[in-house]
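Me: I am new to this structure and would like to learn how to read its features one at a time. Could we go through them slowly, with the general idea before each case?

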Amino acid sequence: MNHPKTTYLCDYQPSDYTIEQCSLEFIIETSSTRVENVMEIRRQNPHAQTLRLDGEGLDLELVWLNDILLDENEYVLVDDALLLPLDANSARIRIINRIYPDENTALEGLYRSGGIWCTQNEPHGFRRITYFIDRPDVMTRFTTKIIANKTLAPVLLSNGNLIGTATLENGKHVAIWEDPIPKPCYLFALVAGDLGSIHDAFTTMSGKKVELAIYCDHGNEAQCHHAMHSLKKAMEWDEVTYGREYDLSVYNIVAVESFNMGAMENKGLNIFNAHYVLADETRATDTDFMGIESVIAHEYFHNWTGNRITCRNWFELTLKEGLTVFRDQCFSADMNSPLTQRIDDVRALRQRQFVEDAGPTAHPIKPDHFIEINNFYTATVYEKGAEVIRMLHTLLGEEKFRRAMDTYFETFDGQAVGTDDFLWAMQTQSPLDLTQFKRWYSQERTPTLRVSSEYDPHHHTLTLTLEQKIPLNTRGEEQLPYAFPFTLALVSEKGEELPLVTNSTLLNGTTLWVSETVSHHVFENIPSPVKLSLNRHFSAPIIVACEALDYPFLMANDSDGFVAYEASQAFGIQTIERMMEGESINPAFIQAYGKIIDDTCLEPLFKGELLALPTLETLMQRQSILNIGAIHTALETLKKALAEAFKPILIGQLETLYDPKNSAIDAVSMGKRGLLHRYLGLLMRLEEESMALMCRDVYYESKNMTTRLVALGLLEQYAPHLSGEALDDFYQRYAHETLVMTKYFALCAASAREGTLQRVKALQEDRLFDPKIPNLVRALYGTFARNSVAFYDDLGEGFAFMADKVIQIDGLNPQIASGLAGAFKHYGRLNPHQKGLMGKELQRIKNHPNLSNNVYEIMEKILRA
């Protein structure tokens, strides 16, 4: 096959032409859609002679230039563009083309989800709708006319404000929308269909009333209220925290079943994966509720950090995504528990981004090249990008960060800009030069900070030596040391934090600014040896290596809850890894774990985090050659030992915590449920019939989906003789609800007991499974690929199965297929036998005819490992 073209950041140039105004008319029919596109073009490069309009999969019918109909020999039509000779400073281009939404399984551009016509245009979907300069630095004012059958599509929505409607002949009607604010075409949106809705309103801080609506399939309206409540909270929070007010008179959200991403921030018309809108206590888990609140806020916050100020090219994606993730994380912390929110954020970063950074697809938060930009909507760009923003927030402090953000908004409103522009705004308030800090944008991999300490009892000083270990990048090149904040405390044996007295630069009295490869920091007035509390609140996205940490002490005494959590995880990792080396279970760990169980003063949410053992995936990250069987065995052995050691206490507390009728999503209720699930999971490792029967009762009695799913998963794993009936019950209850059935498919695919692959193969033939619906594909195939115990079988059957699925789905939806292809990311860390088996499947995928650029890029990187 021909190698796909690579796009490089260094080749970026502003567009030769821009489109100032665009008037669109959509005539939606059941078999196709006719698109009429009138563009007002302005030349930006005086030397430009040819206008290139991007377009893919379009049936071009007619083209006019300045109201003159062109013959076919007056323009050039190629596979991905329309080329027009244009030696003029301004022009009007009119195009009529036809598209086929029903045939669009890639779900980019205009497509149908069930009976709903909807769009997804980021990053390059608009070129599948009509010919256009499809790049984010072309900012255009859009007017959109939609014509459709009133029975099939009584609801017609687009960006901006509704300026007119009318009833037409032949059962059709029309709606006209006008967006007064220039935007790139990736933010264009259209929805047409027969939808139910709920409505509300929000009054902004200046007194303007904004009409709010959430649209969904009929019958799901009652599940939209949590999303609406979350939206109003986000609007108020952005006004209070950043002074940002909404700018249109309407804000619409539409929930659709088939959507490649989580949601899309289209101006005034957000289109959401229904998973991040629909929820009630009987269908959604606690995690679902929190996710909805977070994603609703994330897309709303994009109105200022992404829409009004957007990125000038796709290399700058983290400009809008990293910043907006940081904003939604802060919002979630303010709405819920700041400590557990921070733990959740860091856990997600480590499970997804640290793995990505250590693997063959590692890249900077601002990549310098790509084959397919869809492959860079990653944890690195989003979550690591958010941590980079958080470090700036730590450096500047709350007030100066807000002033810097105000400068950013006021300077760049209405523009497409880059990360350098954002850093310029931050520099206006920064006490330190940010030149070295910029390396976080251009370097990849996760740095390690080695920390050693030496106490001088004669001078009462403690010297900390910090050494940065910077990994080579994916090209084998050396990288430079970073600059970052490092928050710490020195804690006495009594648990008291000592004042930090040092000649080193301290931010806010608690935070070192680390910038050298090796640095020494002397702390004075230290009367006796102390305990080290490091990288408090996870002040930098680094790996800390320090042999002097006293894990049991920090678990019990550190006032920084995040460090206490880190200590519990590190102690668990140490214990499990020594078990894998043949040692017995460390009794000190059992004792420390028991103290947490006994502590009735701990907040339930936080207590549940302290009791969480390291995951199999966390332990996999620490192995150069994967030995998943050894990890799994050690983990299960430790959990069983904990259950045996504390069985009476666990049962007693479980009975106190169990409240099957409580479905509230407040912190206390969710915390108690989390503890209940933690204890039930330990007790099920005993494999006692009484525990299995109790678990079965929990499944049937609970009115809450979170607890019901946990109990069902434990039955499937540890009591299969009881799980069949419960699984059948769940299937029959929810067979008519696709969103809930994704949980069913995921639960079955996540099972670590023997025969999971065969059950997954059977489930893909189930009448409720549809490989064209991304949520179902991710639930069944994606979950199986993340099920390391089942996927990494010695026969390579899991590899062959997932290779088949990547090839199959690539023919339908390359974006989803490339996500599945990430299942093979650990290829370079397998033993020779498994590496040979996986390598065979990787080559089979790479050599498949008509492989998409999306999957090719992933395969090419993995095979280089």
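Predicted model: local features only at pLDDT ≥ 70, side-chain atom pairs only at ≥ 80, totals over all residues.

Me: What separates Phe589 and Tyr593 in helix H11?

Reply: An α-helix has 3.6 residues a turn, so residues three or four places apart point the same way. Phe589 and Tyr593 are 4 residues apart in helix H11 (residues 587-598), and therefore about one helical turn separates them. The ring centres of Phe589 and Tyr593 are 6.0 Å apart and their planes stand at 40°, so this pair is tilted. Phe589 has a relative accessible area of 2% and is buried, while Tyr593, at 2% relative accessibility, also counts as buried.

Me: Returning to helix H2, what span does it reach, and is it mostly covered or mostly uncovered?

Reply: Helix H2 (residues 286-301) has 16 residues and reaches 23 Å from its first C-alpha to its last, which is close to the 22 Å expected at 1.5 Å a residue. As for covering, 14 of the 16 residues in H2 are buried, so that the helix is mostly covered.

Me: Which residues touch the most other members of the largest nonpolar core?

Reply: In soluble globular proteins, nonpolar side chains tend to be buried together. The largest nonpolar core has 164 residues, and those that touch the most other members are Leu53, Tyr408, Phe422, Phe437 and Phe484. Helix H5 (residues 379-396) supplies the largest share of this core, 9 residues. Apart from this core lies another, of 123 residues, among them Tyr593, Ile628, Leu676 and Val806. If we look at Phe437 by itself, leaving aside residues up to four places away in sequence, it touches Val388, Met391, Leu392, Leu423, Ala483 and Trp513.

Me: What is the order of the strands in the open sheet?

Reply: The open sheet of 5 strands has the order E17-E18-E19-E21-E20, and its pairing is mixed. Its edge strands, each pairing on one side only, are E17 (196-203) and E20 (263-264). Strand E20 is joined by 2 bridges to strand E21 (residues 269-273), and the two run antiparallel; the bridge partner of Ala263 in E21 is Phe272.

Me: Which peptide bond is cis, and where is a positive phi found in a residue other than glycine?

Reply: The peptide bond from Glu122 to Pro123 is cis, with omega near 0°, and Pro123 is in the loop between strand E11 (116-120) and strand E12 (141-149). His460, a residue other than glycine, has a positive phi near 55°, and its place is in the loop between strand E25 (448-456) and strand E26 (461-469). His460 has a relative accessible area of 36% and is partly exposed.

Note on methods
Residues numbered from 1 in each chain as written. Heavy atoms only, no water. Expected span 1.5 Å × (residues − 1). Buried < 20%, exposed > 50% of the residue type's maximum accessible area, 1.4 Å probe, protein only. Core = buried A, V, L, I, M, F, W, Y, C linked by side-chain atoms within 4.5 Å. Contact = heavy atoms within 4.5 Å. Phe/Tyr/Trp six-rings, centres within 6.5 Å; stacked < 30°, edge-to-face > 60°. Pairing = 2+ DSSP bridges.
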